[in-house]
Amino acid sequence: MEGTRLQGDPAFLDHGPPPRAVSEGEPSAPVARPYIALEQVSLRFQSEHRQVQALSDVDLGVDEGEFVALLGPTGCGKSSLLRLISDLIPPTSGVIKIRGEPPSAARQAVQFGFVFQEPALLPWRTAIENIQLPLEVVNYPIEQRQARCQALLDSVRLLKFKDAYPHELSGGMKQRVAIVRALAWNAPILLMDEPFSALDELTRGQLQDDLLQIWSRERKTALFVTHSISEAVYLADRVVVMSPHPGRIKTILSPGLPRPRSEDMRETPEFLRWTRMARETLRS
Amino acid sequence: MSAPIADKAPSRLRDDILPPFLILAVVLGFWELSVKAFDLPPWLLPAPSDVAARFIKTTTLWYHTGLTVIEALAGFLISAVSGVLLSAGIAHSRFLERGVFPYVIVSNAIPIIAIIPLLTIWFGFGIAPKIMICAIISFFPIVTNTTRGLKSADRRVIEFMHSINATRSEILVKVQLPSALPFIFASFKIAASLALVGAVVAEFYSSDNGLGYLIITSATQLRTDLLFVCIVVLAMLGVASFMLFGYLERKASRGEQIEETR
């Protein structure tokens, strides 16, 4: 399963292997630079009466193909972190690098696939037309769009709903469309901002498994914001535990439970041990 | 969401069309009988049958009506195009919003009647000043509603578009304008009837044709039956434009409304 590409995927926007850190004039072994690197990143908002320190001195490195969860309570700046990485907002101070380049370059190269808490689909477009939206923007070859979108819908078992409008789909279906919309043009980095938090428990579990399957097949680098401890441990290689006021990283846990993961794993002592550890870290 | 299915098949004719016509028939019948019973003079209140007869006999009616419609339509179209364009500018530029919006409000605050003499001095007694009046009077609702509609676009979708490096015009065309369509058609509904009012009022002041002129002359000559004919024609024009844009508005917002009621 791993590595097989979706049908109708013309390797468009394939960015190739990331440039390894080549530090000139430094003869020693090349330092493995992380795929996404944040150094001393801070973010302050100026609201009407006071300054809000949304993030304070965040250091984080994410490797290529890694699945990292950002876990924390409301107001810890985890959503802001995604927006900083994807160049939607600039940091107040600090440096962010994507493959050694600033986020603006990565955004211009359309390397980010964004999924929000709400599906944020266009109500006047059908499911397949919603997935086509980014393909129109990135000038994906017209003759391949249809096949690409159908393959994506098929991968989340929604092919027979391709001509349905968002209001005709359930919450879980809409979110599945939103996820494959973010994958449509083969962006190497998938950014998800609490994508499942509005869904019921059962749908949520299903979509987590869907997501893991897509992720392992398409080999994305994934950043996943959540406030659910078990969701973070279930999905991620590493869990970045954050705390609020000001938002900062408390600890980074590396559960790295064996993959592929399944429902049964949720009852294993290993899984419970990590969720307990994450909970204690959040509380402390 | 919908009413339970009754045994009898729903009938549009019976449920939607028949009731207002029944009421109309009752009112007209009562009117006709009252005029006949109290022997009211036709200059005071003509019977509906007299009005209908006048409607058929007045051969110049369609000429006057056509002229008024052309004025209102031309003014409305000018406002629709320039208003939507200006709104697109306002939605994209803080400077434009702050600089222009006060004057949009001023354009609404000045009573339109006060401008008619001025425009007549400048542009004469022809069709041009009437078109301008129609354009000015319908401008405000179009700009305010379209601007609101453009801003109503889903913030997340716009953020998504930014994250894939979409240009401003792509965001405008693919996200903001479609989101604004229900608002735009709603404003057209208001603007079209205002344009009609503008045309008639402008014709009151300076004209020798058009429905406004016909109203003024029939009033001064106490031809009350013709006055009623003009009013009925204007009412029908207003209802027609209201129904057209109301239909487009519903069509454009169908998906969203259903989503909201879920």
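Chain A is divided into domain 1 (36–111 + 188–283) and domain 2 (120–187), with bounds that come from an automatic or database domain assignment. This is a predicted model, in which local features need pLDDT of at least 70 and side-chain atom pairs count only at pLDDT 80 or more, while totals for chains, interfaces and linings use all residues. Residues are numbered from 1 along each chain as its sequence is written, and chains are lettered from A and ligands numbered from 1 in the order in which they are written.

**The two domains of chain A**

- Taken over C-alpha atoms, the centres of domain 1 and domain 2 of chain A are 24 Å apart.
- Domain 1 of chain A gives 16 residues to the contact and domain 2 of chain A gives twelve residues; two residues are in contact if their C-beta atoms, placed from the backbone, lie within 7 Å.
- On the side of domain 1 of chain A that touches domain 2 of chain A, β6 (189–193) and α6 (201–218) of chain A are the elements that give two or more residues.
- The largest share of that side, seven residues, comes from α6(A).
- The residues of that side are eleven nonpolar (Ala, Val, Leu, Ile, Met, Phe, Trp, Tyr, Cys and Pro), three polar (the others, Gly among them) and two charged (Asp, Glu, Lys and Arg).

**The fold of chain B**

- Chain B has ten helices and zero strands; helices (H or I, at least four residues) and strands (E, at least two) are DSSP runs, numbered from the N terminus.
- Of the contacts in chain B with a separation of 6 or more, 76% are between residues 24 or more positions apart.

**The extent of chain B**

- The C-alpha trace of chain B spans about 75 × 65 × 25 Å along its principal axes.
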